[in-house]
Amino acid sequence: MSEAIQATRRSPLEQGRGESTKDAPLETPPPALALAERPMRCTARGIKKAFGETSILRGVDLEIPEGSFAVLVGPSGCGKSTLLRLVAGLEEADEGTITLAGRDVTRLPPRDRDIAMVFQSYALYPHLTVRENLAFGLKLRGTETREIQKRIEEASAMLGLDALLDRLPKQLSGGQRQRVAMGRAIVRRPNVFLFDEPLSNLDAALRAEVRVDIRRLHDRLGATTLYVTHDQVEAMTLADTLWVLNKGLVEQKGPPLEVYERPRTKFVATFLGSPKMTMIEGTLVRDAGRTFAEGGGVRALVSDDRFGASLVEGRAVTIGIRPHDVSLAKDGAPSMAELKVELVEALGSEAFAHGWLTQSGPSVIARLDSDDARRVRPGSVIPLAVDPARVHLFDPKTGNALA
Ligand SMILES: Nc1ncnc2c1ncn2[C@@H]1O[C@H](COP(=O)(O)OP(=O)(O)OP(=O)(O)O)[C@@H](O)[C@H]1O
Ligand SMILES: [Mg+2]
């Protein structure tokens, strides 16, 4: 237990830079460890893969520029691990091409791709020490002993493993084991790092910490990285570019905030964000030169600038509003709905009111600031406000965002 706590308090990557980071001048950059000597552009084009009759990947395109951090997110079973295994060469594509630095590697075995993969299960050899685990792959490849030592020293300093090198995996906490697994990938000096849900076995505090470590590690190594997760917080915080996979196709890609703020489909809108975006069926109504989306107890002003010509009176729409964008309407400010509160979920820094707009309508969640959370009681009816720029509209039939 004490090890886990220690790991939570002191980031091993910080340790790698020396104990006295707080005394170091801020402008001092971390030591440049050029472990990934050749960050490479990695692409996948038109990738298709079926298992038996079931088509899992149905034409996936992926492009990760040199040294970039790409995160692939999507619900369980959508084909994330399959795609990663194809890039690694552990699985063969039915159709499509995978390239590394412009070279077609689609039919090359894993050993000729120089790709290192870190899995959810650490897959360390239980009878080997940390040092031996780190050395194992290099020995197999016939790397010289002195070179192996040097690489282990570098990786160990970077990941804060120095004190753990002579321990067996069973003597490590989950976070430490995952760092050893990362170390094993680093010592190989791969062109591309692949991570398949590496944090899912860790508790919440360690997840948050190792997540930061992984991003920091990436920033120092500059290696091209493809990271798979179904955790949207991980996806949002780690990615340079987010790739949202749904039913074997990339549904949207882009910088994480852009994807979050401008989801192009209902699926992307509800997949990213917690609590989930509320979806309400309605129609567009013009009133005094302005457009409102109305339905299910909501009457929300929408942005003419954003939707322009799509705002046709009488058009059926799905109205999407994130709980985080809804607040208590104050001082007679126009309200878009009245919420009958069922319960208030207080999380400390923020709170959420759950309730209904109409008796038969969908349940709705609104964010409250902590003062309001103290006053609002189950059974109260509260007016809700939303910034028109944050009201999303979708076509109910296609699920595509109105543009
Ligand atoms: N070797 C295999 N043989 C048959 N079906 C497979 C095989 N590997 C994966 N599948 C199926 O392909 C689908 C996609 O699996 P995959 O592991 O890629 O999903 P995932 O997106 O990584 O999901 P998760 O988030 O749960 O890890 C699943 O329905 C899975 O059952
Ligand atoms: Mg998977």
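Q: In the hairpin of β11 and β12, which residue takes a positive phi?

A: A hairpin is read from its two strands and from the residues that link them. This is a predicted model, and in its β11–β12 hairpin two residues lie between the strands, with alanine 288 at a positive phi near 50°.

Q: In which sense do β11 and β12 pair, and over how many bridges?

A: Look at the direction of each strand, then go along the bridges. Strand β11 (residues 278-287) is antiparallel to strand β12 (residues 290-295), and five bridges make up the pairing.

Q: Which strand pairs with β12 over four bridges?

A: That is strand β13 (residues 298-301), again in the antiparallel sense. Glycine 295 has valine 298 of β13 as its bridge partner. The hairpin of β12 and β13 has two residues between its strands, and here glycine 296 takes the positive phi, near 55°.

Q: How is the chain divided, and where do the domains lie relative to one another?

A: Take the residue ranges, then the distance between centres. Domain 1 covers 2-261 and domain 2 covers 275-394. Their centres, taken over C-alpha atoms, are 40 Å apart. Along the principal axes, the C-alpha atoms of the chain occupy a box of roughly 80 × 50 × 40 Å.

Q: What does the secondary structure of the chain come to?

A: There are twelve helices and 20 strands. Of the 403 residues, 40% are buried. Among contacts with a separation of 6 or more, 68% are between residues 24 or more positions apart.

Q: What is the order of the strands in the open sheet of five?

A: The order is β15-β19-β16-β17-β18, and the pairing is antiparallel. At the edges are β15 (326-328) and β18 (363-368), each of which pairs on one side only. From one strand to the next the twist averages 50°.

Q: How many bridges join β15 to β19?

A: Three bridges connect β15 with strand β19 (residues 381-386), and the two run antiparallel.

Q: Is leucine 242 buried or exposed?

A: Count the neighbouring C-beta atoms. A residue is buried if 20 or more others lie within 10 Å. Leucine 242 has 24 within 10 Å, so leucine 242 is buried.

Q: In which strand is leucine 242 found, and what does leucine 242 touch?

A: Leucine 242 belongs to strand β9 (residues 241-246). Leaving out residues up to four places away in sequence, the contacts of leucine 242 are Val71, Val73, Ala235, Lys253, Gly254, Pro256 and Val259. Alanine 93, 149 residues from leucine 242 in sequence, is 22 Å away in space, C-alpha to C-alpha.

Q: In which sense does β9 pair with β3, and in which with β10?

A: Take each pairing in turn. Strand β3 (residues 69-73) and β9 are parallel, with four bridges, and alanine 70 has threonine 241 of β9 as its bridge partner. By contrast, β9 and strand β10 (residues 249-254) are antiparallel, with five bridges. Asparagine 246 is bridged to leucine 249 in β10. Two residues lie between β9 and β10 in their hairpin, and lysine 247 in the turn has a positive phi of about 50°.

Q: Which residues of helix α4 are buried, and what covers them?

A: An α-helix has 3.6 residues a turn, so residues three or four places apart point the same way. In helix α4 (residues 130-140), the buried residues are Val130, Asn133, Leu134, Ala135 and Leu138. Their cover includes α5 (145-159) and α6 (174-186). Just after α4, glycine 142 has a positive phi of about 80°.

Q: Which residues surround ligand 1?

A: List the shell, then sort the residues by kind and by element. Around ligand 1 are Phe51, Ile56, Gly74, Ser76, Gly77, Cys78, Gly79, Lys80, Ser81, Thr82 and His230. The shell has three nonpolar residues, seven polar and one charged. Helix α3 (residues 80-88) gives the largest share, three residues.

Definitions and conventions. Residues numbered from 1 in each chain as written. Chains lettered and ligands numbered in written order. Predicted model: local features only at pLDDT ≥ 70, side-chain atom pairs only at ≥ 80, totals over all residues. Domains from an automatic or database assignment. Near = placed C-beta within 6 Å. Nonpolar A, V, L, I, M, F, W, Y, C, P; charged D, E, K, R; others polar. Pairing = 2+ DSSP bridges. Axes fitted to C-alpha atoms, helices over the stretch in contact; angles between N-to-C directions. Buried ≥ 20, exposed ≤ 12 C-beta atoms within 10 Å, placed from the backbone. Contact = placed C-beta atoms within 7 Å.
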